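Here are a few exercises to work through with the model open beside you. Try each task before reading its solution.

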Amino acid sequence: MTEHDYVIVGGGSAGCALAARLTEQADVSVLLIEAGPSDWNPYIHLPVTYYKTAKGSLTWPFETAPLKHQGGIVVPYIQARVLGGGSSINAQVYTRGAAQDYDRWATRYGCEGWSYADVLPYFRRAEDNDRLAGHFHGQGGPLGVSDQRHTSAVTLAWVRACQEAGIPYNHDFNGAEQAGCGLYQITNRNGRRCSAAVGYLRPARGRANLHVITGALATKVVIESGRAVGVEIVRKGRASFHRASREVISTAGTIGTPKLLMMSGVGPARHLEQVGVKVLHDLPGVGENFHDHLDVFMIYQLAAGHGYDKYKKLHWQLAAGIQYALSRSGPASSNVVEGGAFWWADRGEPSPDVQFHFLAGSGIEAGIPSIPGGNGCTLNAYLTRPRSRGQVRLRSANPQDAPVVDPNFLSDPHDLRQTIECVKLGQHIMRQPALAKFVQGEHWPGKAIEQPGGYERFVREQARSGYHPAGTSRMGHDRLAVVDTQLRVRGIEGFRIADCSVMPQLISGNTNAPTIMIAERLADFLKTGPRASH
């Protein structure tokens, strides 16, 4: 047994940021527990190879329950299992969501203190931006944010095509206005990935008050007389207990956090009884409100010599590798997901409801027929604020068993209608003159989509997770809220949550930056002492 002031479960983006911030106080000891390995894998740090890290030993072997509204298909559900979490394996896209997202948290969902004006200082605190400054951006923070060092000519043409399609250019998706098209900034510093493990945790590793354990599965939070007092883990087949003299904090993510709560006896009582877990606190909202971006992808054949697919050949790889080794530039410094846009499928929405990611390459998406000639590009699109809701449940009382993950995609008809509009808008962009010299034709979905019912079949059969799950331990005050606005688990003392699971509604964009913001906020809550619950 060990004892620390704080025991943090989950060494992902939030866990790394929180551990680093709390140990800035020399008299505070922190234990950070991560189920996966350290971030030693070189593919993590080379920007272009993110597609290699998003599989295998660096991820949990999750898959969805049969998707009722997609013909019962079962698909892999990638979630990071490595120090740095998603920030170690993602495409490094730095977006925060729209200001209106956070204002809705504060007004519609009763999360006072979480409006955009409230959270913006924490985004700035985290950030070290190499180009942008002023009201919306920070310098000197742990998280390196930069412009791309290399951008494909095909991506630049796609951004021009967006403008030809009526979407104005936007130089900063995280500034005064989200709407528009442009190039994503990325979590990158000096041509290398700046994950939370690199930006936050690495500088803190020399502190005597920070302890990190990797390869350790947290099996339960121990609760005594209504208070969380520590965490049980299994590492290399051996069980141990780690006491928290102040608080236990879960940063295990939208799937891992509700699993941990339920394994600890905190959750919907009837479900816990069904799987054989002793109920310590009936909290019916645990695992509910699961939602995620539902991604559709369009793939186009490119003329020979364009895009990144040519780097699948060894001699091109060697050339790119030499350039990167000498100058940290060139194709190997690209995150591949270079171009983006936020626009409307439904003009009645107050802020853009569609996000695009443009990749000047193909082959990352599974199950697509080979492209003639071998050169392609990919346009991903999703509805930013889906209405469908699913849940996370325990499979059994065995902590080694993966939970049951049911996103319940397309359960709300609105999501199907508007996702079809996302596809049509994407196709419209790809037909613009700026892309004519690059694009030779639509490879996927192709002509079949033009048949009666073709768009609906395409979405139901081919849409997959955007891997931005949220909401399973949401903030609020009603009976299904799991945490209050100070991120305290309702009904349990000394237990907090800081990850995407606390979001009452998913933000309109990639989720890594908001996850870090949530951790920054909790660090402030803990440093300033207890406050009254709203």
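**Exercise 1: the neighbours of a strand**

Strand β10 (residues 227-235) pairs with β11 in the antiparallel sense over six bridges. Helices (H or I, at least four residues) and strands (E, at least two) are DSSP runs, numbered from the N terminus, and two strands pair if DSSP finds at least two bridges between them. The model is predicted, so local features need pLDDT of at least 70 and side-chain atom pairs count only at pLDDT 80 or more, while totals for chains, interfaces and linings use all residues. Residues are numbered from 1 along each chain as its sequence is written, and side-chain values use heavy atoms, with hydrogens and water left out.

*Solution.* 
1. The bridge partner of I249 in β22 is R496.

**Exercise 2: two helices in contact**

*Task.* Describe how α6 and α14 are placed relative to each other.

*Solution.* 
1. The axes of α6 (residues 116-126) and α14 (residues 512-528) come within 9 Å and cross at roughly 100°. Axes are lines fitted to C-alpha atoms, for helices over the stretch in contact, and angles run from 0 to 180 degrees between N-to-C directions.
2. The two helices, α6 and α14, are therefore roughly perpendicular to each other (65 to 115 degrees).
3. For the contact (heavy atoms within 4.5 Å), α6 contributes residues including Y122 and F123, and α14 residues including I516 and M517.

**Exercise 3: a glycine in a loop**

*Task.* Is G330 buried or exposed, and which residues does G330 touch?

*Solution.* 
1. G330 lies in the loop between α11 (314-327) and β15 (337-343).
2. At 2% relative accessibility, G330 counts as buried (under 20% relative accessible area, with a 1.4 Å probe and protein chains only).
3. Leaving aside residues up to four places away in sequence, G330 touches H150 and Q323.
4. R149 is 181 residues from G330 in sequence, yet 7.1 Å away in space, C-alpha to C-alpha.

Definitions and conventions:
Angles under 35 degrees count as roughly parallel, over 145 as roughly antiparallel, 65 to 115 as roughly perpendicular and the rest as oblique. Buried means under 20% relative accessible area, exposed over 50%, partly exposed in between (1.4 Å probe, protein chains only).
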